[in-house]
Amino acid sequence: MSKTLTLNGQMISAREGESILDAARDAGVSIPTLCHMNGVGDVGACRMCLVELAGSGKLVPACTTKISEGMEVNSDTPQLREYRRMLVELIFSERNHVCAVCVANGNCELQDLAIHVGMDHVRYDYLYPAENVDVSHPMFGMDHNRCILCTRCVRTCDEIEGAHVWDITARGIKSHTITGLAEPWGEVNTCTSCGKCVMACPTGAIFKLGATVAEMEKDREKLAFLKNARERREWV
Amino acid sequence: MQDEVATLLEKTASTERMAQSRYSQRIQVCMGTACMALNSEQVKTALEHAVIENGIQKQCQVQRVGCPGLCSLGPMLRVIDKTITAEANEPRETLYQQITPEVAPAIVTSLTPAAQPTSALDAHRCEVADTFFKRQVKVVLEHCSHIDPERIEDYIAHGGYRAIQSVLTEWTPQRVIDSITKAGLRGRGGAGYPTGLKWATVAKANSSNGKKYVICNGDEGDPGAYMDRSVMEGDPHRVIEGMMIAAYAIGASQGYVYVRAESPLAAKRLRVAIRQAQRAGLLGNNIAGSAFHFDIELRLGAGAFVCGEETALIASIEGGRGQPRPRPPYPAESGLWGCPTLINNVETFANIAPIIDKGWEWYAGIGTAKSKGTKVFALTGQVKTSGLIEVPMGITLREIVFDIAGGIPNNRQFKAVQTGGPSGGCIPEKFLDMPVDYESLAKVGSIMGSGGMIVMDDSTNMIEVARFFMEFCMDESCGKCVPCRVGTVQLHRLLSKFVDKTATPADLIKLEGLCKLVKHTSLCGLGQAAPNPVISTLNYFREEYEQCLKPSP
Amino acid sequence: MANKVKLATVWLGGCSGCHMSFLDLDEWLFDLAQQVELVFSPIADVKIFPEGVDVALIEGAVANEDNLALVKRVRACSKMIISFGDCAVTGNVTALRNILGPNNAEQVLQRAYHDVQNLQPQSPRFVVEDCVTNTLHEIVPPLLPQVLPVHAVVPVDVYLPGCPPPAPRIRAVLTQLLAGNTPQMIGREMLKFG
Ligand SMILES: Cc1cc2nc3c(=O)[nH]c(=O)nc-3n(C[C@H](O)[C@H](O)[C@H](O)COP(=O)(O)O)c2cc1C
Ligand code: SF4
């Protein structure tokens, strides 16, 4: 069933059960995202896609909020813009994101987002945590300095590959992405080395071994393609 | 069949009453966590030995009870002596405080027929009891400190399980929900959501597999708060009965009590109580011969504050990582294993049986227009008498701080009272005469919360208070969403700059901006409320922040 | 000469790549020279940062005592300062040693002057006389406990990121400045880090 809602003052129609994010994208309005990825379930964690609902003024994540008839949504207000920039700055302050020496320089969603929100510098103190780089896997590496805890690798490995190699341990600022039961990635025998997590990672945190600065290109739409093909049984 | 339960309750009650009436003297020893930490178990053993040594075991019973509330004066005990009547033919009741195993025999000797007047106990007579209890109204805590929490018979003898019995035999689920709605009960877990409305929503919700669940939220993780723990320790059957009534009203057949493993005594008492209720046929299949099936399982949490948040708690029961998820869908539509789930706080459930028993009219008569009934608070900080109190909604903060708690010690001045723990705010002196209810507290930038109440005197540094709560939120953040995970750390750093007096005016602007961000963009209540202590201290004690500024370079 | 804009470029803890990129402006440098007077720069032999500077481009992070003293003087003597390149804006590679913790200076020196030296490992600790100020100081200025981006030490007016900032980006910023406008730092061409 089709529903009508207002997005940034524009009437748009959307399918029932659709998220605000999908409805907006169908209508050609892009809402910035980071933890969202086509093909895996949404968690509403990065808060980048927050939109404002008219009336209550409440901010809700566009990725996990379903549209409803007559809903009035604003995805671009000065306040939202300021919040998004602050959120990106917080992410940059959290780990050691040194773009200049990153395999994903130029192919990074976080870097793109920083440009999108107009981040010319970070106002908060950098936390400079001491992070590890795990290169125990024969093909891939994990650089925790660049991990933003979006859990896209966790969801990809769990939902698409079905191996559930990745997870998150600890809490708060101590949260960490782990492989297996917090073992070196190379020792996790459930890993099929399919490389989907490498593709899913928005930054340079998960990379192919041997890639050097700015070499790590990622093909994220492939994951959604795989999932759709499987669901629609396109190969059968 | 249905009468069977009625008969069982009656028989149990009368046997118990008879057994108890054989004793003319009773010594009730608090066996709550606080008093037990102060050796009340040894006190009880010493009392039992002394009773035998004095040969009065036929007339004097030593009994384990829950918390009477004066936790700072423990171990507490109460002596009820029917051989001496006080006013209105009531037996004489004496409260004793700070009893050690060494003093215990003197109490027993004072009860023997040959007792001589002695001054040995003078120092232990609880002087503050009169003022401490005078303004209190005990509904939730009515049995705490009066019954043995590990004996279902004692609960039944005090009218327990009468409510569920009449509900099962005479009430429709709708009537139950209507009563709770009309009573005006609001959730005691913090947000104050109308309980009747929540029950009605879950009752109406469709479940794809026909299952619905009731969850009792006993996670209670605010620093310094122990209201729910005391209820679970002191009157566990009350909670179970509340859950049963709820399950009947919404059509659930399985319940869970979620308690943190850091409250082992509460967990133990609940486990014992659940087993007793099962044995008595009050939990299980075809309860009271009706078509109503309901059972309760205890789930232990690992002690994460965020697991008190309902969606995180549900994830934890399901065996997942205790992390909140965006709502909607609310648990009422899609909760435990995707089924409609009712989740209420311990104290909320403890209010149910009396509402059914005494009628919603009675309940609605206590409190204010929009906040009905009573609220239990864990009163701590710089007051003369701290402890667990239950007060009618609408009482003023001044009455609590100065009448019940006896005011500020050491000749100092009152400065502020903090309610709602890490999610609440600091209320300054000018609001002391404000009534304690959900709306008034929210209006001054705090919240009712689950019942933590910390009184601060004029020696308190408000920035350090704000930083303490921020540190708590920072440590307890689950780490899922960016504003809370990183924002609380940056807020904590900024507050530390103020404490160290190295902050710049630019830092003050950053602090306010971050408070706004974290409040408005966090995923769950933990992050959304984390800036509240900062915001409220900035509001009422801004000059303290400004005094800590160093000029911009 | 009198109404020319007084431009300074400063080199703190960085690799000089930003200055190389500046030199990549090639023949536009001649145009620039028409409009500005370069009063201080690593590519000009001026010892003391002068007063009355209009615009100062600061390359590099604040890594040692000398950097700290210089950046404070630059701020005091300049109308506008521009954080020039990623090291100045974020700390970047220069700040990587911060990951080692608060007291990393000794570790860093040990690594640089001992661990990786095969011949004659030694710390450059001897004292020299500064011919300008006639004071004695160590040949290597003491490292700060933490490397800081410029704005963590003094207020900054414009941020010009990039490692290094591409020459066209530098040119765009300077052009807007010389036209009397505040540079608009918007979009990939102007804002991409790295
Ligand atoms: C961070 C956080 C912690 C919470 N902790 C508790 C708790 O310890 N006990 C509780 O009953 N409710 C807690 N809540 C509130 C619950 O999410 C939920 O609203 C409550 O259990 C509903 O019960 P009520 O309607 O009876 O209040 C917490 C909420 C948040 C956001
Ligand atoms: S607000 Fe904090 S506790 Fe809640 S989901 Fe976000 S990170 Fe977790």
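**Chains A and C, then the sheets**

Mentor: Let us begin with a charged pair: Asp112(A) forms a salt bridge with Arg188(C), and their closest N and O atoms are 2.3 Å apart. A salt bridge here is a side-chain nitrogen of Lys or Arg within 4 Å of a carboxyl oxygen of Asp or Glu. This is a predicted model, in which local features need pLDDT of at least 70 and side-chain atom pairs count only at pLDDT 80 or more, while totals for chains, interfaces and linings use all residues. Residues are numbered from 1 along each chain as its sequence is written, chains are lettered from A and ligands numbered from 1 in the order in which they are written, and side-chain values use heavy atoms, with hydrogens and water left out.

Trainee: How many salt bridges does the rule find across the interface of chain A and chain C?

Mentor: The rule finds one across that interface, and six residue pairs are in polar contact there, both residues being at pLDDT 80 or more. A polar contact is a pair of N or O atoms within 3.5 Å; within protein, one must be able to donate a hydrogen and the other to accept it, and residues adjacent in sequence count only if both atoms are side-chain atoms.

Trainee: And how much area do chain A and chain C bury between them?

Mentor: They bury about 1,700 Å², with 67% of it on carbon and sulfur atoms; buried area is the accessible area (1.4 Å probe) that two parts lose on being put together, summed over both. In chain A, Ile115(A), Asp120(A) and Tyr128(A) lose the most area to chain C, together 37% of what that side buries. Counting contacts (heavy atoms within 4.5 Å), 21 residues of chain A meet 20 residues of chain C.

Trainee: Staying with salt bridges, how many are there over all chains?

Mentor: A search of the whole structure finds 51, one of which joins the side chains of Lys3(A) and Glu16(A) at 4.0 Å, N to O. Lys3(A) lies in strand E1 (residues 2–7) of chain A and Glu16(A) in the loop between strand E2 (10–15) and helix H1 (20–26) of chain A, so the pair ties together parts that are 13 residues apart in sequence. Helices (H or I, at least four residues) and strands (E, at least two) are DSSP runs, numbered from the N terminus.

Trainee: New topic: what is the strand order of the open sheet in chain C?

Mentor: Five strands run in the order E2-E1-E3-E5-E9, and the pairing is parallel; two strands pair if DSSP finds at least two bridges between them. Strand E2 (36–40) and strand E9 (158–160) of chain C stand at the edges with a single partner strand each, so one side of each is left without a neighbour in the sheet. Strand E1 (residues 5–11) of chain C is joined to E2(C) by four bridges, and Leu7(C) has Leu38(C) as its bridge partner in E2(C).

Trainee: Which strands does helix H2 of chain C touch?

Mentor: Helix H2 (residues 28–35) packs on the sheet against E1 and E2 of chain C, its direction making about 90° with that of E2(C). Such axes are lines fitted to C-alpha atoms, for helices over the stretch in contact, and angles run from 0 to 180 degrees between N-to-C directions.

Trainee: What about the hairpin of E3(A) and E4(A), which residue takes a positive phi?

Mentor: That is Gly55(A), with phi near 95°, in a hairpin that has five residues between the strands. Three bridges join strand E3 (residues 50–53) and strand E4 (residues 59–61) of chain A, which run antiparallel, and Val51(A) stands opposite Val60(A).
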